[in-house]
Amino acid sequence: MNRNIKFRAWDGMRMTTSGIMFNTSTGSLDVPEEASFGGKITNPYKLMQFTERKDGNDKEIYEGDIVQEAGNSSMYGEVVFSNEYLCFGYIHKGIGNKDYITGEFVRGLHSVYIIGNIYEPNQKH
């Protein structure tokens, strides 16, 4: 079974995949020192891993995306990796306003749509 391991990054102004490479010699990610908008990077890139899933519009889902379940506007949240369950899922508010993680979209039980991400302004979350 081959995994499609890839990343994108928030460079402070926009999402980018440009220049992000996995160094097989060191086992680390190499990212450019220049931001996509020019100049030196003063804050490190915020890396987000691909979940190996796509939303209902065939868009790749990454950590940091905000997804919403198809047909259920109250079920939405940030895509995260759960160390407890060892899978990607999304955090949503449940009973008593407590955060819950759900992995149904990863298992293919529910269709979800990306409605934003945690870095770009004017997104629902």
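The structure holds 3 salt bridges. The term covers a side-chain nitrogen of Lys or Arg within 4 Å of a carboxyl oxygen of Asp or Glu. This is a predicted model, in which local features need pLDDT of at least 70, side-chain atom pairs count only at pLDDT 80 or more, and totals for chains, interfaces and linings use all residues. Residues are numbered from 1 along each chain as its sequence is written, and side-chain values use heavy atoms, with hydrogens and water left out.

| Salt bridge | N to O distance |
|---|---|
| K6 and E60 | 2.6 Å |
| R8 and D65 | 2.5 Å |
| K54 and D58 | 3.9 Å |

Side chains of opposite charge can pair when their charged atoms come close.

K6 and E60 are joined by a salt bridge. This pair links distant parts of the chain, 54 residues apart: K6 sits in the segment before strand 1, E60 in strand 6 (residues 60–62). Strands (E, at least two residues) and helices (H or I, at least four) are DSSP runs, numbered from the N terminus. K6 is partly exposed at 27% relative accessibility. E60 is partly exposed too, with a relative accessible area of 27%. Buried means under 20% relative accessible area, exposed over 50%, and partly exposed in between (1.4 Å probe, protein chains only).

R8 and D65 form another salt bridge. R8 lies in strand 1 and D65 in strand 7, 57 residues apart. Both residues are buried. R8 has a relative accessible area of 11%; D65 has 2% relative accessibility. D65 also touches E60, G77, E78, V79, I114, G116 and N117, among residues beyond four places in sequence. Contact here means heavy atoms within 4.5 Å.

K54 and D58 make a salt bridge as well. K54 is partly exposed at 46%, whereas D58 is exposed at 54%.

The largest nonpolar core has 8 residues: I61, V67, M75, V79, F88, Y90, V112 and I114. Such a core is a set of buried Ala, Val, Leu, Ile, Met, Phe, Trp, Tyr and Cys residues joined through side-chain atoms within 4.5 Å. Strand 9 (87–93) and strand 11 (112–117) each give two or more residues to this core. I114 touches D65, and its other contacts beyond four places in sequence include E60, I61 and V67.

Overall, the protein has 0 helices and 11 strands. Of its 125 residues, 30% are buried. Among contacts between residues at least 6 apart in sequence, 43% join residues at least 24 apart.
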